[in-house]
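This report is written for a reader who is meeting this structure for the first time. Please look over the sequence and the model before reading on.

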Amino acid sequence: MGVFSRLSDLLKSNVNDLIDRAEDPEKMVKQVIIDMQAELTKATQNYGKAKASERLAEKKYLDAQKISESWENKAKTALAKGDQDLAKQALARKVKADEDLKNYKEMYDSISDQTEAIGNQVEVLKSKLDEAKSRQAMLIARSQMADTQKALAKSTGGFDGSSALEKFDRMEEKIERKEAEAAAFTEVAGDSINDDLSDSFAKIDEETKVDAELKRLLAEMGNNNSAE
């Protein structure tokens, strides 16, 4: 029964406890499945050997039973013919056959009990293996989710939201200053254009006035010359 030492440990172990102690729960869960599958393979092989031994013991037991029955029938035949001495010889052989029959029966019963126990353990292991396989995907998914949450907590824990917002505020202030400067330059440039235009019109107006004065003076001077 030593082949089931590890099997017993696996059946008694709590899978969740193993995962808690594992550095990599996903690998641990997969390794548990691999170990249980290996134990199931060994257990199945030993169960097959036990069944073979059981069949052999059963054959010896049944053969011994037939031999005992055969000598008893021979003793009856001898008695039917009135030969008691021959009947006693046959019964002596039957007594010996009965001793062998008893021994083979005990051996068969013992092997049969052991084989049944091994078979039960194989069924238990199959059940546990099926349960482990059905839980494997769920446990791995939970492990991955926990890793994701842990990584997210670490990233958010090292992130200073206030500092980031302050940086955005400073950037916004810089942009606003740049926009104000651009508006001021635009306004100054517009005033400059307007000033030049006003100067041009003012110059034209002044020249017009000068021309008018010139014409007036020329007219006056012309009239004065005519009077002379």
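The text below goes from the overall fold to the nonpolar cores.

This is a predicted model, in which local features need pLDDT of at least 70 and side-chain atom pairs count only at pLDDT 80 or more, while totals for chains, interfaces and linings use all residues. Residues are numbered from 1 along each chain as its sequence is written, and side-chain values use heavy atoms, with hydrogens and water left out.

The protein chain has five helices and zero strands, where helices (H or I, at least four residues) and strands (E, at least two) are DSSP runs numbered from the N terminus. Of its 228 residues, 18% count as buried, that is, under 20% relative accessible area with a 1.4 Å probe, protein chains only. Among contacts (heavy atoms within 4.5 Å) between residues at least 6 apart in sequence, 84% join residues at least 24 apart.

| Property of the protein chain | Value |
|---|---|
| Accessible surface (Shrake-Rupley method, 1.4 Å probe) | about 17,300 Å² |
| Share of that surface on carbon and sulfur atoms | 54% |

A nonpolar core is a set of buried Ala, Val, Leu, Ile, Met, Phe, Trp, Tyr and Cys residues joined through side-chain atoms within 4.5 Å. The largest one has 11 residues, among them Val32, Ala50, Ile118 and Ala132; helix H3 (25-80) and helix H4 (84-157) are the elements that give two or more residues to this core, and the largest share, six residues, comes from H3. Leu129, another member of this core, is in contact with Ile33, Met36, Gln37 and Leu40, leaving aside its neighbours within four places in sequence. A second, separate core of five residues includes Ala57, Tyr61, Ala64 and Leu101.

Technical notes:
Buried means under 20% relative accessible area, exposed over 50%, partly exposed in between (1.4 Å probe, protein chains only).
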